[in-house]
Amino acid sequence: MKTSRCLGLVGGLGVGASIYYYEKLAKAYEAQGRTLDIVIVHAETSRVFEYVQADDRDGLAEYLTGYIRRLKAAGAEVVAIPAVTPHFCVRELIATSSLPVFNIFEPLVRELAARAARRVAVFGTRFVMESALFGEVNEVEIVKSRPHEVDYIHNTYVELARTGEGSEEQHRNLTALAHTLLKRDGVDAIILAGSDLALLFNETNTGFPYIDCAALHLQAILNELLGETPPNSR
């Protein structure tokens, strides 16, 4: 089987999302008769949250850069972080990383443009929702949920990241909230801006208009790795 460049994955943010990416990547490579070359390190969600809460982009970039150095030493040639919240420092990270980084926001911006979306709401951590995707997506109006809704979405997401498992109740409650946002706030779609939401939602059980950041990120990684186009080259 033909291999491609070695992908470094900064895992642990959370574990379920890392497993989701690993499984999807492995299946896609196998389907093309290719061998996935991957190395993974484990970072800590709590440390990422501390840097984001402190509004310390440079500190978070340095924290993640330490893992990227380890990935490079293990043979990685490109890097992906299977989580949205760590992309709080994506500009600083790309500027300082010793390896090219797959930016999770780039395919999202392209997808929003392709759909001609104008108003969207966001499901993810509190930091992602309250910051309107860290100001990285400016082409659409991002409608913020009400405080108690943000609390529920954030707490649900943190629980998903902690346990690596979703429940029917979580799926039901977030689906109901999505429909509330669509009707009350007139949004075109819900951005699933958290990789661990894949533990709840997929193509067969998502009964509302949505845009899946993790799926778009994965497809961009596969397109560029299997096509040998380096990230951050545009």
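This is a predicted model: local features need pLDDT of at least 70, side-chain atom pairs count only at pLDDT 80 or more; totals for chains, interfaces and linings use all residues.
Let's start with H7 (residues 147-163) and H8. The two pack at an angle of about 145 degrees, and their axes sit 11 Å apart. Their crossing is left-handed. On the H7 side, the contact is made by Glu149, Tyr152, Ile153, Thr156, Glu159 and Leu160, while H8 brings in Glu169, Gln170, Asn173, Leu174, Leu177, Thr180, Leu181 and Arg184.

Gln170 is worth a stop. You'll find Gln170 in helix H8, which covers residues 168-185. Is Gln170 buried or exposed? Gln170 counts as buried, because its relative accessibility is 12%, under the 20% cut-off. Leaving aside residues up to four places away in sequence, Gln170 touches Tyr152, Thr156, Glu159, Leu160, Glu165 and Leu200.

**The strands**

Now over to E9 (residues 189-192). Ala189 and Ile191 point one way from this strand, Ile190 and Leu192 point the other way, and all of them are buried. E9 has pairings with E7 (residues 119-123) and with E10 (residues 210-212). Here's how they look:

| Strand pair | Sense | Bridges |
|---|---|---|
| E7 and E9 | parallel | four |
| E9 and E10 | parallel | three |

Which residues partner up across these strands? Val120 has Ala189 of E9 as its bridge partner. For Ile190, the bridge partner is Tyr210 in E10.

Notes. Residues are numbered from 1 along each chain as its sequence is written. Side-chain values use heavy atoms; hydrogens and water are left out. Buried means under 20% relative accessible area, exposed over 50%, partly exposed in between (1.4 Å probe, protein chains only). Contact means heavy atoms within 4.5 Å. Two strands pair if DSSP finds at least two bridges between them. Axes are lines fitted to C-alpha atoms, for helices over the stretch in contact, and angles run from 0 to 180 degrees between N-to-C directions. A crossing is left-handed if the near helix is turned anticlockwise from the far one by less than a right angle, and right-handed if clockwise.
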